[in-house]
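Reader: I have the chain and its fold on my screen, and I would like to learn how to read them with you. Could we go through them feature by feature?

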Amino acid sequence: MRISSPYLGFGGDSWTRFANRLQSWLTNLGAWLLIDMFDTFYDHVVERLRGMQEVRRLISKHGDDFDQHIGNQVLERGQRPCETEYLALLYAYRYAPMHHAALRSVMPETSPNVLIDFGGGPGTAMLALSGNRGTTFERLSLELAQGMRAIASVAASMEGSICKRNSEHAFPESRFWEEAARMADGRAVLLVFSYFFAQELTRPFVRALANRIAALSPSAMTLIYTNPVGPSASWMPRGDVHGWYKEFTKHLGHQVRILQQSYSYNVLSNLAEPVTRSGDCAYEVWKVR
Ligand SMILES: C[S@@+](CC[C@H](N)C(=O)[O-])C[C@H]1O[C@@H](n2cnc3c(N)ncnc32)[C@H](O)[C@@H]1O
């Protein structure tokens, strides 16, 4: 929210400018004090789910197997589009901690001016970026599922958020690319593909995405790719779990060098069983410009 002078009780543009600058300093100070936005977000998700009758029913039916049940059956191992708030909250509960930990383990410490988040989901990359000591950033997200977009908007406006502007789009159409070009122009941009290429839905967009990204003119542009280490699915080219990512980077003239990274995290305020989980992710971080 920007502060306007009538709100402060005195008029004049200089006061408005001063108030806005003060607000921006305070936000950056919040970033330096480093409030862990992911924990705040996760508590919110758990609270919302606890209040849902269907969730209580599933917990009493599946007990300690609840997490496994929603991962495998309800969310279909991450392949089900999360159109409703219920599905998106379940996704944020079951998969976002994993993807957040994976991103934190590979994320560069320098903060960008702009985050372009492909398949942004519930705002996982935005929350991971909030763990960086740095200044505020703007976010542009491409996300098909309405439930995900709604939750990401809540995450962006949480108290202490250093995402100062959040813009969500459902399809990679001209409005999205116009906004991307405007935001990227002459600025430091971070492109994130966090488990985006793990979904079959991404298949038709690969070449167009690469062409549009090549046409942006940032001052600097870094790309982060994370994905499962396996197994591959039959719809992936040559049965390779990185097949669509390789196809995408080929159009950008980039030769991939995919690495592997271990991560672990605690799920303390869990619905069923507090646990420490660990896993491996495949990733690549590279400078596009
Ligand atoms: C596996 S989830 C990852 C979400 C988030 N990036 C994370 O790491 O937690 C992939 C997301 O990409 C979205 N998605 C898949 N294909 C898409 C497309 N063609 N356009 C926009 N969003 C897409 C899905 O709806 C889903 O939310």
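Predicted model: local features only at pLDDT ≥ 70, side-chain atom pairs only at ≥ 80, totals over all residues.

Reader: In which sense do β5 and β7 pair, and over how many bridges?

Author: Strands of a sheet pair through backbone hydrogen bonds, either parallel or antiparallel. Strands (E, at least two residues) and helices (H or I, at least four) are DSSP runs numbered from the N terminus, and two strands pair if DSSP finds at least two bridges between them. Here β5 (residues 220-227) and β7 (residues 275-287) are antiparallel, with six bridges. Strand β6 (residues 259-267) also runs antiparallel to β7, joined to it by nine bridges, and Y265 stands opposite R277 of β7. By contrast, β1 (residues 114-118) and β4 (residues 188-194) pair in the parallel sense over four bridges, with L115 facing L190 in β4.

Reader: What is the order of the strands in the open sheet, and why is one side of β3 and of β6 left without a neighbour?

Author: The seven strands follow the order β3-β2-β1-β4-β5-β7-β6, with mixed pairing. Because β3 and β6 stand at the edges and each has a single partner strand, one side of each has no neighbour in the sheet.

Reader: Is V192 buried or exposed?

Author: A residue is buried if 20 or more other C-beta atoms, placed from the backbone, lie within 10 Å of its own, exposed if 12 or fewer do, and partly exposed in between. V192, which lies in strand β4, counts as buried because it has 26 C-beta neighbours inside 10 Å.

Reader: How many residues surround the ligand, and which are the closest?

Author: A residue is near a molecule if its C-beta atom, placed from the backbone, lies within 6 Å of it. The ligand is surrounded by 22 residues, and the closest are H99, G119, G121, S194 and L201. For classes, Ala, Val, Leu, Ile, Met, Phe, Trp, Tyr, Cys and Pro count as nonpolar, Asp, Glu, Lys and Arg as charged, and the others, Gly among them, as polar. The shell here holds 12 nonpolar, nine polar and one charged residues.

Note on methods: Residues numbered from 1 in each chain as written.
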